[in-house]
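Let me put the model up and then talk you through a few parts of it.

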Amino acid sequence: MKLLTRTSRYYLLISVVVFVISGLIFFRLLHTIFEKQLDETLFEEKLLIEETINFSDSVPDFRSVFGHMIDITIVNTSHVKTEYIRDTLMYDRDLGSFAAFRHLFVENTSVKHKGYTINIYKPLSDSEKLITEIILIVVLVFIILLVLLVWANYFIARRVWIPFYRTISNLSHYEINQEKPLSLMKTDIYEFNLLNQALAKMSKKIQQDYINLKEFNENASHELLTPISVIKSKLELLIQGEDLDEQQLQLISSVFDATSRISKLNQGLLLISKIENNQFAQAEEVNMSQIIDITLEHFEEIIEHRKIVITKKYFHEVILNMNRTLAEILITNLISNAIRHNIASGNIEIILTADSFSVTNTGQHLKLTRPVCLNDSENRKAILIQWDLDSQSYKKLPIFTK
Amino acid sequence: MKILLIEDEKELSCSITEYLQKESYLCEAVLTFDDAIEKINMYQYDCIIVDINLPDGSGLNVIRALKKNKSETGIIIISAKNSLDDKVSGLGIGADDYLTKPFHLPELNARVKSIIRRRSFGGINEIVFNDIRILPEEMEVTVNGNSLDLTKKEYALLIFFISNKDRVLTKESIAEHLWGDEMDMADSFDFIYTHIKNLRKKIMEKGGEDYIRTIYGMGYKFTDR
């Protein structure tokens, strides 16, 4: 999820929660205010009615005056004073259905000792309608505000984060084995400048380490060559001795094996440092099928010895612009691995098409397929670990030769 | 047969000298570029072995100096750098062979022999070892006068053996001689055994003697002693 999406989402979520809560409080408040007002009106009416009753001892017709249901009864016996106010449902003749009313009930004894009851019903629908309208307006205003705010936030954030995204893009395009240092643009935002500074410092350090390591690798493998040569030559002289017994020969043989392992390792390291130093940059037209044929001829006896059956399928003549030595190393490695990790009387299938080269061999338990993509830029990425044909990108080869 | 070795690493120089002297070559060794130039101006050599990276100059310049004197000396470059450019320029200015360190002494010996053979026998280019005769130009081998039919690798193996007769050859040096160093033969030494067995069988079939001795755990030796 993108940073902007996430912040916008949180922003929206919090706004909605705040709105719902404040909306509810607002509604409650509004409701209370309206109810209070209604009740005040009812009590005012009640007072008016009571005054009239006390004054005239007759049932006044207030209906036409106040315009809502008022029910007054007067009896000769006195009443105990009771008074309450409540919400009630009643049949409303005007609407033709039940509706909510505010009901004030008063029971009392007048000055002339006559008991009276007053029921005043005031419909709640009017005030509820008003509340609904107010709420609707508020919601509308809120939605407009929210949309505007989210939109503004999104655009502001997008503007503000531009240097950050630029840094990320620079970082992802940065390659450590390139000579040029990581270049990050200066921004007017303090934190991003800090970040860029830290990154620049770090990348510089990494690059320095990388160069040091590369140089060390190169120097070490070069320096190792001489002592290895000396050891090898001395051992070769040593075994010429006439009076060596079997045990001594065995010991020398072990030293020999170890020395050749070091020697092989060193050769690998040297090859890697050469590739890293772009010493194989010189490209020429290389005929792949020709190289494969030469390599197969080279291993002819071993193939025969192991009774391996080779199936060659060249569908196209493939001529690539690449370094010949590297092409030979690649093909030799693939084929010699296919021979080495094969079973006796096994087979190897070599397929060369316009855009792919594959060497398939039989194995003990698993079938190894080593496809190498030659031209197809789409597929190339997937098999990069083994080979990359851009003349500058031979660097991927070490992983393979290792 | 006079050989000049120009190699700045003293220990390696000693080993090479010792190995070549057993072939009854007269092997002189110098450690610096200046000494090398002095030597080649004063004496005539049949073959010089030169390291490219010398402390006070490039081995390539030694070769150039030799060629300026119109010398017929055979030249083998030994270099720590397995660089194609060096190889191409070295062979381009007249070197006969190029060997990358670390190499096997028998390999160097075989190359020296091959160069000397090609240059100095005045047309009689022939390798003889008791009853075995080899005509390298025709790639023809006879045993007791009977022609021997060898594969390319068996032929190379036989030449390698005869070039290093009476020497113990490790399986590794044989493998490298036959297939180069790109093939890791550590698990395929039994294959060399098969090759040697075939060669031995073919020679004996034609009435030849079995000169190949197995040195336990180490390799083989081609000897009539």
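I'll go from chain B and its cores to the interface, then a helix pair, and finish with some backbone details.

Quick housekeeping: this is a predicted model, so local features need pLDDT of at least 70 and side-chain atom pairs count only at pLDDT 80 or more, while totals for chains, interfaces and linings use all residues. Residues are numbered from 1 along each chain as its sequence is written, and chains are lettered from A and ligands numbered from 1 in the order in which they are written.

So, chain B. You're looking at eight helices and 14 strands; those are DSSP runs numbered from the N terminus, H or I of at least four residues for helices and E of at least two for strands. Chain B has 225 residues, and 41% of them count as buried. Buried here is 20 or more other C-beta atoms within 10 Å of a residue's own, exposed is 12 or fewer, partly exposed is in between, and the C-beta atoms are placed from the backbone. Take the contacts in chain B between residues at least 6 apart in sequence: 58% of those join residues at least 24 apart. By contact I mean C-beta atoms, again placed from the backbone, within 7 Å.

Now, which residues touch the most other members of the largest nonpolar core? They're Ile3(B), Ile6(B), Ile48(B) and Ile49(B), in a core of 34 residues. A nonpolar core is a set of buried Ala, Val, Leu, Ile, Met, Phe, Trp, Tyr and Cys residues joined through C-beta atoms within 7 Å. Among the elements of chain B giving two or more residues to this core are β1 (2-6), β3 (47-51) and α5 (105-120). If you set aside neighbours within four places in sequence, Ile48(B) is in contact with Ile3(B), Leu4(B), Ile6(B), Thr73(B) and Ile75(B). There's a second, separate core of 28 residues, and it includes Ile252(A) and Phe256(A) along with Leu178(B) and Ile192(B).

That takes us to the interface, where 32 residues of chain A are in contact with 32 of chain B. On the chain A side, α4, α5 (246-276), α7 (300-305) and α8 (324-340) each give two or more residues. That side divides into ten nonpolar, 15 polar and seven charged residues. For the classes, Ala, Val, Leu, Ile, Met, Phe, Trp, Tyr, Cys and Pro are nonpolar, Asp, Glu, Lys and Arg are charged, and the others, Gly among them, are polar.

Staying in chain A, have a look at the helix pair: the contact of α3(A) with α4(A) is made by Pro163(A), Phe164(A), Thr167(A) and Leu171(A) on α3(A), and by Phe192(A), Leu195(A), Asn196(A) and Leu199(A) on α4(A). That's six nonpolar, two polar and no charged residues.

Over in strand β1 (residues 70-75) of chain A sits Ile72(A). Why does Ile72(A) count as buried? Because Ile72(A) has 20 C-beta neighbours inside 10 Å.

Most residues other than glycine have a negative phi, and most peptide bonds are trans. Here, the peptide bond from Lys101(B) to Pro102(B) is cis, with omega near -5 degrees, and Pro102(B) is in the loop between β7 (97-100) and α5 of chain B. Lys307(A) has a positive phi, near 55 degrees, and Lys307(A) is exposed, with 12 other C-beta atoms within 10 Å.

Note on methods. Contact = placed C-beta atoms within 7 Å.
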